[in-house]
Amino acid sequence: MIPKIFAKSLLPLMVASSSSVMAGQFYIGAGMAGLAGSGEEEYTQGSSSRTYDYSYSNASIRLGYQWSYANRLELSIGSIDVEYDENYEDETYSGFDVDYYFVWGESIKPYLMVGLGSYTFEDSAQYFSDNDDLSGLAFNFGGGVIWQFHEHLDVELGYKFKSISWQDATDGYNTYETQSTHSGIDAAVHVLF
């Protein structure tokens, strides 16, 4: 009689426990990208184009959700500092990305990532006649590994590629198409809840 009552009282607890494991986990983290990376900005006006090489660094705050099967959806807000190889003034892009991670494995998890983002080319209004900073759409792709060394902590190390297509802009005489592409090592630390 007592074991039956005991089993009946434990059943809802076991179901609740297993469904919370199946539900996945939210996480928050911080990342840094651009280590051993490089980029290129291309301006096209009519049939002529010019490119500028740059190095970059990217700091980001990340909020995401990891499903029980380890795939992740992540929102990151960040700032990309661009330092040109030639003697031009350094620039900053700021914006956000929404990335989806296809993840395999248990504690050391390889992944592939694809995503989209929206960015603003800070202080670019001064160069164009409409007096607005350029806005752009980013495409992201990457791969790497996530090492979950604790139930609530993991580190990520990967190589990521980003391409930003900026809106067309005019200086009053010419219309310019601008594209920025860069790739490099990306590292992050996450706390899982």
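Strand 7 (153-170) and strand 8 (175-192) run antiparallel and are joined by 16 bridges; strands are DSSP runs of E of at least two residues, numbered from the N terminus, and two strands pair if DSSP finds at least two bridges between them. This is a predicted model, in which local features need pLDDT of at least 70 and side-chain atom pairs count only at pLDDT 80 or more, while totals for chains, interfaces and linings use all residues. Residues are numbered from 1 along each chain as its sequence is written, and side-chain values use heavy atoms, with hydrogens and water left out.

Within this pair, Leu 157 stands opposite Ala 187 of strand 8. The hairpin of strand 7 and strand 8 has 4 residues between the strands, and there Gly 172 takes a positive phi near 105°.

Strand 7 also pairs with strand 6, in the antiparallel sense, over 13 bridges. A hairpin of 2 residues joins strand 6 to strand 7, and Trp 147 stands opposite Val 155 in strand 7.

What does the largest nonpolar core contain? It has 15 residues, and Tyr 93, Tyr 119 and Trp 166 have the most contacts inside it. Such a core is a set of buried Ala, Val, Leu, Ile, Met, Phe, Trp, Tyr and Cys residues joined through side-chain atoms within 4.5 Å, where buried means under 20% relative accessible area with a 1.4 Å probe, protein chains only. Strand 6 and strand 7 are among the elements that each supply at least two residues of this core. A second, separate core of 6 residues includes Tyr 101 and Ile 146.

Methods:
Buried means under 20% relative accessible area, exposed over 50%, partly exposed in between (1.4 Å probe, protein chains only).
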